[in-house]
Amino acid sequence: MSSSRGVTTREDETEREAQGEWGGKTGGTGKYAEVNGINFYYEVQGTGYPLILLHGGLGAGSMFGPNLPALAKGRQVIAVDLQGHGRTADVDRPFKPQLMADDIAALIKHLKLDRPDVMGYSLGGGVATFVAIRHPELVRKLVIVSVNFKRSAIYPEMLAQQEQVGPEAAEFMKQTPMYQLYVSIAPRPEDFPRLLGKVGEMMKGDFDYSKEIAGIKATTMIVAGDSDMFPPSHAAEFFGLLGGGKRDGGWDGSGRPNARLAILPGMTHYAMGSAPALAATVIPFLDEPAPNAP
């Protein structure tokens with residue numbers, strides 16, 4: 001057994017089944033790794049080239065639903081529970097995508113993975129983006145799902161909702177999939193208000209990562225829904241920062257950029273992670289040989 005923030009975690013805790021709409025059995029093998037002072041929980045499913053899979057805010061790996069086994073059919077998927085989420089206990093540190101990215105980089109090294117692909121949804125997509133920005137030597141391909149790179153792109157009504165996220169919202173959220181998942185598997189279920197407080201703080205303040213995005217070297221796929229929390233034009237702008245949408249791709253494809261863009265029809269921000277269309281869209285991109293492959 002090992003501990004994080006005074007919380008004892010036993011191997012049998014990995015057998016607890018996640019509950020609610022974001023729960024269910026994943027079919028993976030659960031393990032813990034002590035990295036950066038955090039006892040990270042991760043599940044491994046499938047064999048082949050490694051893919052680090054990062055969930056959205058207030059979630060865990062099981063929120064990917066049928067996409068997780070679909071992705072694992074052709075590769076080794078390593079689904080990680082981020083700081084303070086799922087079966088990973090929190091520590092005395094704020095939630096910041098940049099810090100979480102450093103955690104994932106350290107975990108990649110800890111697991112001795114050679115340039116895995118990294119895929120993340122929502123918060124996990126932001127973390128994956130910063131792994132590619134801060135640790136480019138560790139990432140082969142990058143898939144970012146439902147991620148905005150500047151706060152002003154988010155619809156005003158969504159920004160207003162984000163402002164309401166905090167510890168005081170815990171009682172109101174007891175009927176949500178987020179709460180049902182968390183209390184079923186978290187080392188300290190009573191920490192749910194703490195989780196909400198940290199997520200709320202993380203979402204405050206203006207940001208624009210345009211300059212950092214433009215420096216990404218990994219072959220990247222951007223995926224968004226046509227009814228996401230930001231307009232499709234923002235995903236296209238993201239694509240543009242990576243060289244996309246500048247010219248015709250050519251009859252032989254030689255004019256294509258080192259990036260891909262997919263807008264999934266009828267998809268909301270919340271449905272994206274578990275929608276089967278996600279895996280169907282991403283798998284061909286992951287299966288393509290990377291231009292910068294060793």
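Predicted model: local features only at pLDDT ≥ 70, side-chain atom pairs only at ≥ 80, totals over all residues.
Biologist: What is the strand order in the open sheet?
Modeller: The order is β3-β4-β6-β5-β7-β8-β9-β10, eight strands in all, and the pairing is mixed.

Biologist: Which strands stand at the edges?
Modeller: Those are β3 (29-35) and β10 (259-268). Each has a single partner strand, so one side of each lacks a neighbour in the sheet.

Biologist: And what does the twist average?
Modeller: From one strand to the next, the average is 20°.

Biologist: Back to β10. Do β9 and β10 run parallel or antiparallel, and how many bridges join them?
Modeller: Strands β9 (residues 219-227) and β10 run parallel, joined by seven bridges. As for individual residues, T220 stands opposite A259 in β10.

Biologist: Helices now. Which strands does α2 touch?
Modeller: Helix α2 (residues 97-110) packs on the sheet and touches β3, β4 (38-45), β5 (50-54), β6 (76-81) and β7 (117-121). The direction of α2 makes about 110° with that of β3.

Biologist: Where does α8 lie?
Modeller: Helix α8 (residues 232-241) lies across β8 (141-145), β9 and β10. Relative to β10, α8 runs at about 170°.

Biologist: Which residues in α8 are buried?
Modeller: H234, A235, F238, F239 and G240 are.

Biologist: Why would residues three or four places apart point the same way?
Modeller: Because an α-helix has 3.6 residues a turn.

Biologist: What covers the buried ones in α8?
Modeller: The cover includes α7 (210-214), along with β8, β9 and β10.

Biologist: What follows α8?
Modeller: G243 does, with a positive phi near 95°.

Technical notes
Residues numbered from 1 in each chain as written. Heavy atoms only, no water. Pairing = 2+ DSSP bridges. Helix = DSSP H or I, 4+ residues; strand = E, 2+ residues; numbered from the N terminus. Axes fitted to C-alpha atoms, helices over the stretch in contact; angles between N-to-C directions. Contact = heavy atoms within 4.5 Å. Buried < 20%, exposed > 50% of the residue type's maximum accessible area, 1.4 Å probe, protein only.
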